[in-house]
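Dear colleague,

I am handing over the structure below, and after it you will find an account of what turned up when I went through it. Please read the two side by side.

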2 protein chains.
Amino acid sequence: MSYSNLTKSELTAELAELSQQYEGFVEKGLTLDMSRGKPCTEQLDICLPMLDVLNSSVSCKSANGFDLRNYGILDGIPECKALMSQLIQVRPEQVMIGGNSSLNMMFDAIACMMTTPIVEGATPWFNVPDRKFLCPVPGYDRHFSVTGYFGFEMIPVPMTAEGPDMDIVEELVKNDASIKGIWCVPKYANPTGITYSDETVRRFACLQPAAKDFRIMWDDAYCVHDIADEGDKLLSLMDECEKAGNPDLPIIFCSTSKVSFPGSGVAAMATSENNMKVFKARYTNQTIGFDKLNMLRHLLFFKDFDGIKAHMMKHKDILKPRFETVISKFEEQLASCEIASWTNPRGGYFVSINVYPGTAKAVVKMCKEAGLVLTPAGATFPGGFDPEDSNIRIAPSYPPVEELKMAMDVFCTCVRICAIQKILSE
Amino acid sequence: MSYSNLTKSELTAELAELSQQYEGFVEKGLTLDMSRGKPCTEQLDICLPMLDVLNSSVSCKSANGFDLRNYGILDGIPECKALMSQLIQVRPEQVMIGGNSSLNMMFDAIACMMTTPIVEGATPWFNVPDRKFLCPVPGYDRHFSVTGYFGFEMIPVPMTAEGPDMDIVEELVKNDASIKGIWCVPKYANPTGITYSDETVRRFACLQPAAKDFRIMWDDAYCVHDIADEGDKLLSLMDECEKAGNPDLPIIFCSTSKVSFPGSGVAAMATSENNMKVFKARYTNQTIGFDKLNMLRHLLFFKDFDGIKAHMMKHKDILKPRFETVISKFEEQLASCEIASWTNPRGGYFVSINVYPGTAKAVVKMCKEAGLVLTPAGATFPGGFDPEDSNIRIAPSYPPVEELKMAMDVFCTCVRICAIQKILSE
């Protein structure tokens, strides 16, 4: 019963029934916050033993004998650099370990380039009044906030099933030297959940931007975050850039925020020697070094890359039923109406849904009035403006499955109500 | 036997004897690094129980029920803000908790004001080509490095026994709107060890800078770091600024780097509501929040301000003999020569010595050749340039007392040799 095949009176009858359902939900008085990709309590609990591995009876020395309790080591413990390098497919010497937040490292990188050119002789971005940044959409709101804060004009680039539309990216960067970079979540993209194809990665590596100081902000946030039993494979951007003779293009980020504790993980960045020289010239004035005991805690808990992979299986067991709940509710309640389309990602933290055009804001508002807080409609677009008013990011990780089922019932009902209202008004 | 009263041949004989002593030291093959104010192993050990207080059987909830393992709380746990507020004599709501480094918070504050005016309508400092910063000398090299990195011309202001020479500070800031701030270590100043007098603090609070966006960078790094049994008292700059109607002048910083673990402490800043609004507008784009589990760890270990004070007594017991060693060696080997003057601080991490003018670089070089690495001569001045070539910062905390004795023997010998060589060449 595709809504497009229903008569006006059939739609009106359907609306009446759905509205009654909705009133029932409102009466139940839900209070559920699904606005962010927050790990749930069970996910935090599986990491609790990490609080025990580093204690007063354990040596706080690094392999080379350095006392990790004291000042020093600007770019992180060598063992930690080696471990993180495997997550993001780079060489250990290309890595710098930061504090608890990769977002902070991304912010610092942009902040650095605002006042200090990454390429000698280039104009600091603060002095480029028409500076621009490419923003694949739908994308991650916190990325857009960083470049928004620093006054970039943000140019949306549509996402395809293989990553950002590379025809458009190539064309834009080739002709406009005021375009200084692009935000990417290459694996299990936020929010669409797709992984960039090998061809997309290779085309990124071969970009020929007019701006010599154009940089790819490659946020590999979900590098080990499979949900499906067979996860996606992402090609190493660093390898491809080096092969293409473009080693300075990428700046790669990741963290353990969704591996260990969201607020107390370890962040890392990796980039070429040339770029790192510029960033380290800043970091060396910014800090004596980041928290090495927390790096050690992670090393003691995970031991090695296999340890991380084994730990991620536990996350998968917790997240999989949640993602399945969302998708099965969509299939059950929305598929036949033919008013929405969604992704079914094999990893990451989000399901992206395009509801009936012109209704996303109304859906989010209706859900809120029934006690269900979603990511604001538009948040996945720079400046919060979704021209289609259609995309909504669903973050299934936080609620228990039973609550999530109810939340998705509310959501699907709202999606249908808003679609009918829109169709009837057209 | 003041060197100024000795004849040329007496000086030559003294030089011969000292040179022989020096050769003896070289032969012993010392290897000792006293270049930084690094806590020693015993100091790190007294903090070890902090690694046990937060473990898998302890609740990770804050008083208001927030799960501190998860994302959130941009400005830090309320309990932690309350604790840190007592260290720096401000109100809890004026505090923001950061990562492990107060230097990083200072850097971020300056970085923020480079591109975003702290006062609406003011010019971002990046667009003030002749921007200047006042630097009390001798002072802390890492402060100077921050403003050096951001291209400030740094104006040295002489330190007195009561703090920076306020006649000069008042005169300079009154007349030059390109002077944007001043670096201060108000208690147990780095390196002189003096504490700003009440009058100095009040004169700071009453400053009338030509630049509306002039800010006092008040690094209260040694707020609870007494060595003497009767420590110094510092007036609250925040209170005085509020009384004087200048609430937006100060930005106050501190950390537990020299209270708990140097690399894994908790940093804090405090400032007025107006200033904090600008900084938080940046931080909210920079991070979701700093490491709350480490804040909790500190809260569980110290419990309250009395807990911190009790813990600082243990640091005092370890540091006091080291400072006494330095001072007694100076008195024993340098006093009668009348070629040097030094401070005898009641707290902090350093002893500042002015050796015979024109010999500081030579002394540090000679020490290095005997295996003793000191803070580079000149480091206590912006740009590393001490016009008198006289000031050397001694950091007694790291070496064991026995090694420190030997180090000071080497040092005093070098100070005397270089003084005689200089006198003879004059």
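**What was found**

Trp342(B) stands opposite Ile353(B), a residue of strand 11 of chain B. Please keep in mind from here on that this is a predicted model. The pair belongs to a pairing in the antiparallel sense, in which strand 10 (residues 341–342) of chain B and strand 11 (residues 351–354) of chain B are joined over two bridges. Strand 11 of chain B also pairs with strand 13 (residues 391–394) of chain B, again in the antiparallel sense and over four bridges, and there Val351(B) is placed opposite Ile394(B) of strand 13.

Next comes the eight-stranded sheet of chain B. In chain B, eight strands make up an open sheet whose order is 2-9-8-7-6-3-4-5, and the pairing in it is mixed. Its edges are taken by strand 2 (95–97) and strand 5 (163–164) of chain B, each of which has a single partner strand, so one side of each is left without a neighbour in the sheet.

Chain A has an open sheet of eight strands in the order 2-9-8-7-6-3-4-5, with mixed pairing. Here strand 2 (95–97) and strand 5 (163–164) of chain A stand at the edges with a single partner strand each, so that one side of each has no neighbour in the sheet. Within this chain, strand 3 (residues 132–137) and strand 4 (residues 153–160) of chain A pair in the parallel sense over six bridges, and Cys135(A) has Pro156(A) of strand 4 as its bridge partner. Helix 5 (residues 102–115) of chain A lies across strand 7 (215–219), strand 8 (250–255) and strand 9 (267–271) of chain A, and it runs at about 155° to strand 8 of chain A.

In chain A, helix 12 (residues 305–333) and helix 14 (residues 401–425) pack at an angle of about 30°, with their axes 10 Å apart, which makes helix 12 of chain A roughly parallel to helix 14 of chain A. This crossing, too, is right-handed. Among the residues that make the contact are Pro321(A), Arg322(A) and Phe330(A) of helix 12 of chain A, together with Leu404(A), Met408(A) and Cys412(A) of helix 14 of chain A; the residues of this contact divide into seven nonpolar, two polar and four charged.

As for how the chains meet, 45 residues of chain B are in contact with 45 residues of chain A. Helix 5 of chain B gives the most to the side of chain B that touches chain A, with six residues, and the residues of that side divide into 20 nonpolar, 17 polar and eight charged. Chain B can be laid on chain A with an RMSD of 0.0 Å by a turn of 180° and a shift of 0.0 Å along the axis, which is the relation of a two-fold axis. Because 100% of the interface residues of chain B are also interface residues in chain A, the copies meet through the same surface.

Finally, some points of the backbone. A cis peptide bond, with omega about 5°, joins Asn190(A) and Pro191(A), and Pro191(A) lies in the loop between strand 6 (179–184) and helix 8 (198–205) of chain A. In chain B, the peptide bond from Val137(B) to Pro138(B) is cis, with omega near -5°, and Pro138(B) lies in the loop between strand 3 and helix 6 of chain B.

With kind regards

Definitions and conventions:
Residues are numbered from 1 along each chain as its sequence is written. Chains are lettered from A and ligands numbered from 1 in the order in which they are written. This is a predicted model: local features need pLDDT of at least 70, side-chain atom pairs count only at pLDDT 80 or more; totals for chains, interfaces and linings use all residues. Axes are lines fitted to C-alpha atoms, for helices over the stretch in contact, and angles run from 0 to 180 degrees between N-to-C directions. Angles under 35 degrees count as roughly parallel, over 145 as roughly antiparallel, 65 to 115 as roughly perpendicular and the rest as oblique. A crossing is left-handed if the near helix is turned anticlockwise from the far one by less than a right angle, and right-handed if clockwise. Two residues are in contact if their C-beta atoms, placed from the backbone, lie within 7 Å. Ala, Val, Leu, Ile, Met, Phe, Trp, Tyr, Cys and Pro count as nonpolar, Asp, Glu, Lys and Arg as charged, and the others, Gly among them, as polar. Copies are superposed by least squares on the C-alpha atoms of residues with pLDDT of at least 70 in both. Two strands pair if DSSP finds at least two bridges between them.
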